[in-house]
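Trainee: I would like to learn how to read helix packing, sheets and chain contacts. Can we work through a case together?

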Amino acid sequence: MANETKYWKGLSQLNNEKEFSKKHDSEFAEYIPVEEFIGNKSAMEDSSTNRRDFLKFLGFSTVAATLAACEAPVTKAVPYVNRPEEITPGVANYYASTYFDGNDYCSVLVKTREGRPIKIEGNDSPDAINMGATNARVQASVLSLYDSNRLKGAMMKSGNGHSEVKWEDADEKIKARLAQAKGIAIVSSTIISPSTKQAIAEFKGKYASTRHVTYDAISYAGMLKANLSTFGAAMIPTYRLDNAQVIVSLGADFLANWISPIEHARQYSKVRKVSKDNREMAKHYQFETILSLTGANADERFNVKPSQLGQVALGLLAGVGGGVSAPNVLSKEVAKVAESLKAANGKAVVLCGSNDPAVQLVVNQINQKIGAYGSTIRTDIPDYTHQGDDTAVAKLVEYINSGAVDTVIFYNSNPALSAPKALGFESAMGKLATRISFAGWMDETASKCDFVCPDHYYLEAWNDHNPRNNHYNLQQPAIRPLFKTRHAQESLLTWAGNKTDWHTYIANYWKNNLIGRSKFGDFSTFWNKSVHDGVVVLAPAVAPVVEDPKPAAGKPVTDTTATAEPVVAVTNSAEQTISFTGGTITLDAAVSQLSVVKGGKYELVIYQKTGIGNGNQSSNPWLQEMPDPISKITWDNYITMNPADVAEKKLFGVEDGSGMMVRFDQMEDELDVVSIKANGYEVKLPVWPQPGQTRGTVGIAVGYGRKGYNEVIDSLGQNIYPAVGLNANGTMSYEVFDVAISDATGERHPIAATQTHHTLMGRNKDIIRETTLAEYKKDERAGNPLNTLHTYKGEQMVENVTLWNDFERPNHQWALAIDLNACIGCGACVVACNAENNVSVVGKEEVRKSREMHWMRIDRYFSSDTVKEKVEETGEMGTMAMYRSMENPSFDNPKVVFQPLMCQHCNHAPCETVCPVLATNHSSEGLNQMTYNRCVGTRYCANNCPYKVRRFNWFNYVEYHRFKNINPAQDDLGRMVLNPDVTVRSRGVMEKCSMCVQRIQAGKLEAKKAGVRPKDGSINTACAQSCPTNAITFGDLNDQQSKVAEMEQDSRKYEVLEVIGVKPSVFYMTKIWNREDENAHL
Amino acid sequence: MKGLWHNVQSTRFVVLLSLAITLLVSSPISAQDGAAALDGKKLFKTNCASCHYASDKKGTGPGLKGVLGRIPDGDWKYRWVRNSQEVIKSGDAYANKIFKEFNNSVMTNFGSLSDAEIDAILTYADKGETPPPPPGGAVVTVGGEAKQEPVNNTFLLIIVLVLLIILIAVLRFAKINLKNAVNEKEGRPDEPALPFLDAARKWMNENKRIVAVIGLFLVGGLVVNGWYMLKDVGVYAHEEKPGEWKGYKPSQPINFSHKIHAGDNGIDCKYCHSTVEKSKTASIPSANVCMNCHKVISETANPGSKEEIAKIYEAVGFDPAANAYTKPQKPIRWNKVHVLPDHVYFSHQQHVVVGKQECETCHGNVKEMTVAEQQRPLTMGWCINCHRETNVAMEDNGYYTELHAKMKEKYKGQPITVSMVGGIECARCHY
């Protein structure tokens, strides 16, 4: 039979450890010692509240509550004095805007209620680069607007701290300092705003000594340098994964972080989804060190050490006929991938996450060989969102040390956090005469500055963006500035003596420079349309010359190999020239550099987490509470290490004779702390055994170890940015080839990992169903056998065996379809659900007790690559060995499946029958309704839920002081983000996914008012709407034309735990792997 | 309603529906005076009074007393009323002068008024209207309190109770005196007069059964009454008499009378509560909506009206003397009358637009309310009852076509109520 694959959420479940069984057997992790306490006389007497006091309090509170209830509360209603024309109380307005923080770019729609932004949604304009998609970081960005830690006005250094000053006073003092400055530098993250660039130019006009340095914490300078060498222009091309049949990634986490992850995810989903009519999907190979989100989705994934990445690239180049000799690293696998690339005939692409120009240059050669340029890589549409120039940053430090620069203005950059130690920025900071920051928070750099002139948050600010050639975006404010902040550009202009307000300035720029390229003759039409749409695509500034087969004149000759084919030239219509000072590199130099790279015993990869990214938003509680897609850890950073290495290091104090199976009893509670030394920088962090991590390597995420927010955020993890190195080519290296790792220090670190929380029982095909593409092509039902039950009437389909009568669904029957093949596990839906449904943040301590409140979670299952059929076929293993091997954790390359799980809205719901007060029951539209005000908190429903999706409010999270700095709704400011259409639940009630019933009701009302049936797609849940890969589809099964009804008929459809007969309204589509072997078998 | 015209006549009070002006005169048609004067006044109130006074006072436009003497002769007046901008553009000197004098405010076009109607209006306005008598004068206000307070039963009961207590005390006093007299006569020493409480205790000791029965009744009565009282906690209403609700009636920062606005002057509810068809909330009108009319109406015959209207001016920062918004704004903090708990999602547009319900169904007879009050209990039981009894407005709504056919078949011709289509399910209101 087919259902023999074992799935496991974490190592402790795999090994059926004591801790794990303790956790999943009882509903709540923590043991509550009620009886011991009451039965213990001395404990009772020691307690500050004895029995008599307790009864007194009880009596008093009863009386007080009764009296309070008698009093008529007076509710005030304060209408507008002058109601703004566009605001209708109770109706949401949407404003197109743009999110760009120097790392993530996304065109968004801001949902506002009564003038308050409450939710971010993707801009679904056809011109938007992100095509309506968002990710977790963009979804969460609305919360930071209401962060009470934001600076409330201009600050000036006084003593050890800062004190607020009037803007005029600050301006005067700053102007005086600037006038005396010997040399000024503006250090910013990538700026793609043409108006801002003009403002900086104007500032330069006034202060001639000014230089502008682009410094990105996560740099792509290696790519810029390689492309400068290949194409004669420092630029990053646009990738079109939706044109690819073979995608090979060398350490590029392109679904979560790399260049334009939201866009890539949507493109990726287009070539990965299969259906009855389209049974082809792209094949995805991943060579990587850590198990990244992208790697977890790869069909075939190969572990490489960072030091081997360049050699793999060389191997690939050799394999596709690049005329270099292949080093002996993973030669078999590399040769296979190279064959696959060649066979794709131009419909292939190689992506590389390394910041070493040598590797990137080799990758460029591979892409040329396989004909990717013009097909999957578009050099004629340069992407401008990453322009960091590492060489210029190093140069700046030199200038500061020599005294040539004595004044620095920091704009959206935080080098005190993110600069590598090797750069020596910290000491250089001390030598400056004047430091000015535009930071909105008192971050690491701002706290060292003499003046902090806080910029507006992006939802309060005007800006324009030019993320890609001919692509323009406007960023319009969705709320008036909450505090006395000021546009950074306006500050620059003020100091330069220009009093124009920033809005007018942008409008003028567009009037003077852009209208000519639009199809509008009239400026106000052009401007209003652009503000309304958020995005506009303009005609090229210069007539483009696309795909010039000849190399651009004067470009450095890089290709010394005779076999190299002519390069595709960059379009000469590029409107931004990226200022890049890193020089070029030749292929020969690259090849010889890469051939000799050697790594130490342990190597380190410094990476961005899917939730936290480069750390811009690490003070955001929604992102901190979102479990990392791979490790499922919240509120922390840690060292990821292969479990075999963990065993070798004898961590967790447990030794196993075989050296393979380590007991991970403690792993979900406390972690062993080790100290790690890289590039002369030492940190102490807990070790997380991570299957899939390359042996002999460790991974640490950036964005932690923050200072200056609040005690909760500041206490999280350590900052690893200083360990970033500078490589021989002058770019920052996020891989360290030799690090020293200590043995266990004896310290233990408590961890909040959710991987085995809310575990579904049964580790087989009832939860996850998967198959291979080859099988699917043969048989539509591959991997998805029909479930039958033995009854007295003989074998019966599960759906026909039931104890309950079915109910009518005369009007609608709402349902969710989740395509496991499209889901990449990124967590955007989890954060979107938080925002839409006012889900409480509970903090690390509560997460440790399995009390996270997320209405939807993404279960991440690992499984072994040993399967029964394969073993039987080959006959290599005995039965005992086979079963042992099937349970083998595959430390190196576990298969990963993500499964979003929310309330399944069972039509025969087990929770409904056990509620003593009928607080949960079923609607005639198929929804499992939860009525908070009726709930008395027995928690029977949660006990009886087979999917473990019900959440109990243990505390009043928005009021109880313990959740200060954790729950954003603790202060009035944080409460502004709450969705007024959804009740904020109080202590003692159960809650769960409502299938966004508020959106359903609103959509139905619109349809009723219009006198039509709701159109398919006009109502959507928050999770489905935010999904970058469209993995979640919401709709009405009674509407035969709906997408969801069509999917319901698909033979890939299955229900989780179908055999228990609860008839869920949420169903899944089998996962399909594009693998030749039977790893993902029937 | 019978007082409406009296009100209008004596107070210059105006019905505000649109804007009008007229400046011309031809030969006065004295023959038509009787009917035309009445007609003219009505027309003036309907069309012109929101911008013009029929006196010397200036509104948005000029006061129209003596207008016939000022304006050019001929058909100028008709042309002006029907399309003043055209007259101005034609270069007419007087038209331009007036236009300029009143800050270039464009007068609404009244193309539908006939020559005779325009004449009637101007004839009425030309004569002018006697200004309203000062507040507190002889004129009896009609819009004020009309209902007589019901006789207070509680007060009568208390009087009876006090009388009974006095009677008991007197009788006891007499009894003690009589007993003492008897004792004296029989030569027995006076019984020490027990204090009242001791006496009562003694009596209770001797009559335990009676006490027990009385006690039972008392406790029972308390429990039953307490139970019913609890049901009203937080509801502000109780069912003393069926159909009549003793409602929550908070005082308001401005003594705004729905009776005057919606009742006497017949202003549509939706004119002020304008979002009722667009949003979940009907919305309390913003002060700028009040100013649509009260920019002109600063005072009426109702006592205190000037002070109350001045509160609107204070809120919007309006300076009536300068006729300009120059002062700081201060939002009005109303006391909310109809309060639903936070965990209830109630949508006005669902009920008014889709359900075609009248405002009165839930808000009672607002047109008769001098002070807004809650006349319906707004409890969940009350909502559910209504949903059980009210038919869904399914006809002519494409959303329901299919459902209606199914339901008709299922319920065999019974009317389809809201509850039959799931209208009493929890998640319709609670989420």
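Trainee: Which strands of chain A does α12(A) lie across, and at what angle does α12(A) run to β11(A)?

Mentor: First, a caution: this is a predicted model. Now the helix. α12(A) lies across β11, β12 and β14 of chain A. Its direction makes about 145° with β11(A).

Trainee: Which other helix packs on that sheet?

Mentor: Helix α13 of chain A, residues 331-343. α13(A) touches β11, β12, β13 and β14 of chain A. Its direction is at about 140° to that of β11(A).

Trainee: What is the strand order in the sheet, and is the pairing parallel or antiparallel?

Mentor: Start with the general idea. Strands of a sheet pair through backbone hydrogen bonds, either parallel or antiparallel. Here four strands of chain A run in the order β13-β12-β11-β14, and the pairing is parallel. The sheet is open. Its edge strands are β13 (300-303) and β14 (348-352), each of which pairs on one side only. On average, neighbouring strands are turned by 10° against each other, direction ignored.

Trainee: How many bridges join β11(A) and β12(A)?

Mentor: Five bridges, in the parallel sense. β11(A) spans residues 246-250 and β12(A) spans 283-288. For one pair to look up, take A:Val248, whose bridge partner in β12(A) is A:Tyr285.

Trainee: Back to α12(A). At what angle do α12(A) and α21(A) pack?

Mentor: About 125°, with the axes 8 Å apart. α12(A) covers residues 309-319 and α21(A) covers 587-595. Because of that angle, α12(A) is oblique to α21(A).

Trainee: Is the crossing of α12(A) and α21(A) left-handed or right-handed?

Mentor: Left-handed. Next, find the residues that meet. From α12(A) come A:Gly310, A:Gln311 and A:Leu314. From α21(A) come A:Val591, A:Leu594 and A:Ser595. By class, this contact has three nonpolar residues, three polar and no charged.

Trainee: How do I read burial for a single residue? Where is A:Ala439, and is A:Ala439 buried or exposed?

Mentor: Count the C-beta neighbours; 20 or more within 10 Å is the cut-off for buried. A:Ala439 has 25 inside 10 Å, so A:Ala439 counts as buried. A:Ala439 is found in the loop between β17 (434-437) and β18 (451-452) of chain A.

Trainee: Which residues does A:Ala439 touch, leaving out those up to four places away in sequence?

Mentor: A:Phe410, A:Asn414, A:Thr445, A:Ala446, A:Val452 and A:Pro454. A:Phe410 is 29 residues away along the chain, yet the two C-alpha atoms are separated by 7.7 Å.

Trainee: How many residues of chain A and chain B are in contact?

Mentor: 47 residues of chain B contact 41 of chain A. Several elements of chain B supply at least two residues each, among them α13 (287-294) and α18 (401-411). The largest share on that side, four residues, comes from α15(B). By class, the side of chain B has 23 nonpolar, 17 polar and seven charged residues.

Trainee: In which sense do β2(A) and β3(B) pair?

Mentor: Antiparallel, over two bridges. β2(A) consists of residues 76-77. To see the pairing, find A:Ala77, which stands opposite B:Trp334 in β3(B).

Technical notes. Residues numbered from 1 in each chain as written. Chains lettered and ligands numbered in written order. Predicted model: local features only at pLDDT ≥ 70, side-chain atom pairs only at ≥ 80, totals over all residues. Axes fitted to C-alpha atoms, helices over the stretch in contact; angles between N-to-C directions. Parallel < 35°, antiparallel > 145°, perpendicular 65-115°, else oblique. Left-handed = near helix turned anticlockwise from the far one by under 90°. Contact = placed C-beta atoms within 7 Å. Nonpolar A, V, L, I, M, F, W, Y, C, P; charged D, E, K, R; others polar. Pairing = 2+ DSSP bridges. Buried ≥ 20, exposed ≤ 12 C-beta atoms within 10 Å, placed from the backbone.
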